[in-house]
Structure formats: structure tokens, C-alpha cells
Amino acid sequence: MSDDEADSELLELLRKSLGLGGGRTTSVPAETKVLESARYIFDNAIDVALDPSSTREAAETIWRLMREKGYSTKTWSEHELHPKSKDERTVDFIFTMDLLNFSFWSDESDESKRFAVEYRGKRWTGYWSLVAALQRALDEEIPITTPDFWLNEDECTDDLLRHVFRSATDEQIPLFEERVRCLREAGKVLDEKFDGSFINCIYDANQSAAALVNLLAENFPCFRDEASFDGRRVRFYKRAQILVADLWACFEGQSYGEFHDIDKITMFADYRIPQMLHQLGCLLYSPRLESHIRRLEPIPSGSTWELELRGVSIWCIELIRQEIERRYPESRKKRDAPTKKVNGRTDEMEMEEEETNGTATVPSLDFGVNAILIDFFLYDRVKQLEQEGREMIPHHRTRSIWY
């Protein structure tokens, strides 16, 4: 049997062991195998490597800054574009958001000409352009976050969807046809398998983050972020994992965001984290790859270079997390102290300084450090450096629906 063929009985056994199967209980904890895939890629990578010393130094710096900034899930909804309610409508919004949360980068050198969405008197780019477009559509009474609507092609026409994602510039949203395909495909899967509601997927996962990721990857082809590397099937599941993380952050680990194994979620392998890890000296590129990235030349989705960039980044964040826990045992504990905010996986994050009687305080984390919070921190950090005009390697250029 070839690497890509599958035996139906074996698949059923694997589904049970991974915690899948319509809510059936299993004594075996679910595993996404994303971290295992990342370790395999790291062990066999040729053009991407890690610097152990810089990785240890990065762990020290990241932990110190995370404590100073009080990184937390508590105020995910405080950003003006994120939903404020904590109900089923919010779950639908997050599902739609992460169903379409991919590929916003532009080849346009003039930032003013890049795809952007005008909403509430502001112009939004990147991830926020998607959130703004969804909120704008809801304000216009277009039920863009309703799966049944996606299936009604008489009402939810391609022209209407072009209106939903209309740009304030001449550049339109990248991969528009692929986004429409994701909506219609997901609506069909929900209708046929989950009674039309993503909430039933959450129920079927039995409060397991890993099981929900696996359920998404198995049932929704547009979440099946997998590839073949060095003769082995590897998993990344970026958008499936960030969907779980957004639920966790939005609902602060409660209600629809309650997962007993949230720490099984890895970092979200995309463009920006490899860029930041390279800036920190953790990620090392071969001269040929580095030159390719600096020339802004495209790297095909599923190519060896792309898989090494994503896989080694995941493993690097895991080593950083392990180093933080080794040096600071308190990082493993859940806390109840006041915290500041983290806005999920976003392009920007407001960081305010808390003061008591004129003296700055150092808040603590309300959750033990995990890959999610480290990813959030590094993503916001690289965007901050970019806004400050700091010189660094460009992010790699890969156009795909996976990130």
C-alpha cells in the first residue's frame, strides 16, 4: 500500500484512537500529531536549522516580556472589531473568520495600494481586513456567518460575496474563488454531518482541543493542512488549531472555549513566526534559501523549503516553551492574578501600562505559558518591529489556503 493510500478498517481504528467519530468516547487521549510531524521535519531538514544558544536566549527574553506585558486571554473581545457577545453567534463568527483566515499578503510595494477594507471610518489591512469585512456585512444585514446562507446560491451569489469582501483600493482580496469554495464546502459538510451547526462539532470533541482539530481536519478538506515530507505524511493544521485557540481566548477557557488539553495546540505555522524566529537568531537558513526569501521570490506550497520553514518553526516554539518551563516552574501554573490582554491571533495588539499609586506593576499570566501565547506574543512583536521600520528578513512568499 502506497504512502497516500488508506485501508478503511485501519482508518476507523485510527479515528477512534484520535478521539473522532461523532462524540463517541475513547479511553485514548486525542493527539493531533502536529508536534510529532514538526520533530520529524526538524530532524530531516537540510535548509532550515536551529541555533540552540539563541533559542535558549529567546526563551528568557520572551518569558520576561510576556510577564511584563501580562499576556492573557482575558480581553480577546476588547478589540473594536472582535465580537463582544459570548454566545452561539460568536461561535459562528469565529468559525467563519478562521475558515477564511489565510493569505492576505500583497506584492504591492506601496502600502496605500494594498487590499484594505474601510469600516467604521478606518482602513483595515491583513487579518483585520477580514474581520472588518465580516462585521461590515453583518451591519448590512448580510448573514455572512450563517452556514445555511452559504449553501443558498440564489441569495449568496458570488457577486454578493465580492461585495462583502470589496476593497477600498484597486487590489482585491487574494484567492477570492478559494474563499468562496471554502464557504460552500464547509456549509455542505455542516449540513450533511453536523445538523448545520459548527457548535455540534464542539460538542462532538468532548472538550478536547486535539479532538476538535482532528475532527476539523478529517471532515473539512479546507482544514486538512497536510503534506508529504521525505516520504512521510506530515500535519500542520494551522487554521484548525487557530480556530480552537480563538475559541479558547474569546471564551476565556470557559463555555464553548473550555478544553482540558489546550496545551496540545502548537504554534500556528505561517509567514510571520519564522520571520520573527530568524530575527531572534533561532532559525538559520541555508544561503540559497535566505537569498531566495530576500529576493521576495515565491516558494510553492508543499515544497521542501516551505515545509521545513513551517515544521522547524513549530519545533523551535516547542523548545522555547520547554526552556521556559525548565527555568521557571511557575510558568506551568494557572494563576488568578489581574492580567492585561492578548487579542487572539492578530496583526496588532494594544499594550497598556498598569500603574498603582504611580508605580508600575508586573502582572502575571492567568494561564501557564503555552505555544498559543508564545505565538501570539511573537506575532505581535514582529508586527511592532515592522511598524517601527526595523530591518529584518522579509517573510517568505507562499500563496495558499493553509495560512
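## Basis of the description

Because the model is predicted, local features need pLDDT of at least 70 and side-chain atom pairs count only at pLDDT 80 or more, whereas totals for chains, interfaces and linings use all residues. Residues are numbered from 1 along each chain as its sequence is written, and side-chain values use heavy atoms, with hydrogens and water left out.

## Overall make-up

The protein contains 15 helices and 8 strands. These elements are DSSP runs numbered from the N terminus, with helices (H or I) of at least four residues and strands (E) of at least two.

Of the 403 residues, 56% are buried. Buried means under 20% relative accessible area, exposed means over 50%, and partly exposed lies in between, with a 1.4 Å probe and protein chains only. Contacts (heavy atoms within 4.5 Å) also describe the fold: among those with a separation of 6 or more, 77% are between residues 24 or more positions apart.

## The β4–β5 hairpin

Strand β4 (residues 226–229) and strand β5 (residues 232–235) run antiparallel and are joined by 4 bridges; strands pair if DSSP finds at least two bridges between them. The two strands form a hairpin with 2 residues between them, and Asp230 in the turn has a positive phi of about 50°.

Ser228 stands opposite Arg233 in β5. Arg233 also meets Glu226 in a salt bridge, at 3.7 Å from N to O. Glu226 is partly exposed, with a relative accessible area of 23%, and Arg233 is partly exposed at 39%.

## Helix α11

Helix α11 covers residues 238–250, and its 13 residues should span 18 Å at 1.5 Å a residue; the end C-alpha atoms are 18 Å apart, which agrees. The expected span is 1.5 Å times one less than the number of residues. Because 13 of the 13 residues of α11 are buried, the helix is largely enclosed by the rest of the structure. Glu252 follows α11 and has a positive phi, near 55°.

## Salt bridges

Side chains of opposite charge can pair when their charged atoms come close. The structure holds 23 salt bridges, each defined by a side-chain nitrogen of Lys or Arg within 4 Å of a carboxyl oxygen of Asp or Glu. One network links Glu60, Glu323, Arg326 and Arg327.

Asp87 and Arg89 form a salt bridge with their closest N and O atoms 2.9 Å apart. Asp87 is partly exposed at 23% relative accessibility, while Arg89 is exposed at 60%. In another pair, Glu140 and Arg166, the closest N and O atoms are 2.7 Å apart. Glu140 lies in the loop between α5 (126–139) and α6 (147–151) and Arg166 in the loop between α7 (158–164) and α8 (176–193), so the pair ties together parts that are 26 residues apart in sequence. Glu140 is partly exposed at 34%, as is Arg166 at 26%.

## A buried glutamate

Glu306 belongs to helix α14 (residues 304–327). This residue is buried yet has no salt bridge, and the nearest side chain of opposite charge, Arg310, is 4.2 Å away. Here Lys and Arg count as positive and Asp and Glu as negative, with His and the chain ends not counted.

A polar atom of the Glu306 side chain lies 2.7 Å from the backbone nitrogen of Gly302. Leaving aside neighbours within four places in sequence, Glu306 is in contact with residues including Ile299, His396 and Tyr403.

Conventions:
A polar contact is a pair of N or O atoms within 3.5 Å; within protein, one must be able to donate a hydrogen and the other to accept it, and residues adjacent in sequence count only if both atoms are side-chain atoms.
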